[in-house]
Amino acid sequence: MDNEDIIQVTKGITIIQPFASLILAGIKTVENRSWPCKNPGYYALHAGKTKCSRKEIDRLKKIPSLAYFVQDMKDIPVGAIIGIVKFGVIEPSSDVDDFWKMNDGFWWHIDEVIKLDKPIERKGQLGLWNLTKEESSILTKAVKKHNNKK
């Protein structure tokens with residue numbers, strides 16, 4: 001049995017917009033959390049219904065490569081699993097000075113993202129949350145299909 005046989009996507013993480021879409025596009029390569037991820041690996045990437053503050057939107061608009069993503073936020077997906085994210089190294093962010101740093105806590109480095117062909121509507125939750133068996137099956141198959149293309 002190789003690592004491909006044991007890949008299972010069983011949990012999800014909700015991230016507010018436009019950050020979820022920026023992660024899916026490969027632009028945002030870390031996620032900030034106040035707590036460490038104890039089990040790096042694959043997670044459902046859920047775009048929450050909440051969008052970031054106007055102040056944060058204005059900060060993002062100052063960066064030309066990001067302005068595109070935040071100009072018309074009414075068209076970005078919310079309230080749905082939009083992809084799969086693979087978290088790798090988790091490290092304290094206290095010594096980091098970077099555009100994406102939001103607070104002192106932990107940086108969850110994103111090693112890989114997989115976009116779903118069709119978003120899966122569902123409610124998000126705080127923290128890491130369990131997928132249904134059907135969601136887990138769909139996302140696990142998507143990871144295996146993606147990895148077979150490599």
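Me: I read a pocket as an open set of points on a 1 Å grid over the protein atoms alone, where a 1.4 Å probe fits, with protein on both sides within 12 Å along at least five of seven lines, and its lining as the residues with an atom within 4 Å of a point. Which residues lie nearest the centre of the largest pocket?

Reply: This is a predicted model, in which local features need pLDDT of at least 70 and side-chain atom pairs count only at pLDDT 80 or more, while totals for chains, interfaces and linings use all residues. Residues are numbered from 1 along each chain as its sequence is written, and side-chain values use heavy atoms, with hydrogens and water left out. The largest pocket has a lining of 13 residues, and T14, I15, I16, E31 and R33 lie nearest its centre. About 320 Å³ of space lies in this pocket, a volume being the space filled by probe spheres set on grid points that are joined across faces, edges and corners. Strands β1 and β2 each supply at least two residues of the lining, where strands are DSSP runs of E with at least two residues, helices are runs of H or I with at least four, and both are numbered from the N terminus.

Me: Is R33 buried or exposed, and what does its side chain reach?

Reply: Burial is read from relative accessible area with a 1.4 Å probe and protein chains only: under 20% is buried, over 50% exposed, and in between partly exposed. R33, in strand β2 (residues 30–33), has 14% and is therefore buried. Its side chain reaches the backbone oxygen of T14 at 3.1 Å. Leaving aside neighbours within four places in sequence, R33 is in contact (heavy atoms within 4.5 Å) with I13, T14, I15, G105, F106 and W108.

Me: Where is there a cis peptide bond?

Reply: Most peptide bonds are trans. Here the bond from Q17 to P18 is cis, with omega near 10°. Q17 lies in strand β1, whereas P18 is in the loop between β1 (11–17) and α2 (19–24). Q17 is buried, at 0% relative accessibility, and its side chain reaches the backbone oxygen of P77 at 2.7 Å.

Me: How many aromatic pairs are there?

Reply: A pair of aromatic rings is described by the distance of the centres and the angle of the planes. Rings of Phe, Tyr and Trp (its six-membered ring) pair if their centres lie within 6.5 Å, and planes under 30 degrees apart count as stacked, over 60 as edge-to-face and the rest as tilted. The count comes to three pairs. One of them joins W35 and W108, whose centres are 4.8 Å apart and whose planes are at 80°, so the pair is edge-to-face. Because W35 lies in the loop between β2 and β3 (41–51) and W108 in strand β5 (residues 106–121), this pair ties together parts that are 73 residues apart in sequence. W35 is partly exposed at 28%, while W108 is buried at 0%. Y43 and F87 form a tilted pair, 5.6 Å centre to centre with 50° between the planes, and both residues are buried. Ring pairs link W35, Y43, F87 and W108 into a cluster.

Me: Which residues have the most contacts inside the largest nonpolar core?

Reply: In soluble globular proteins, nonpolar side chains tend to be buried together. A nonpolar core is a set of buried Ala, Val, Leu, Ile, Met, Phe, Trp, Tyr and Cys residues joined through side-chain atoms within 4.5 Å. The largest one has 21 residues, with I13, I15, L45, V85 and F87 making the most contacts inside it. Its largest share, five residues, comes from α2. A second, separate core of 14 residues includes I7, I81, L116 and L139.

Terms used
Polar contact = N/O pair within 3.5 Å; in protein donor to acceptor, adjacent residues only side chain to side chain.
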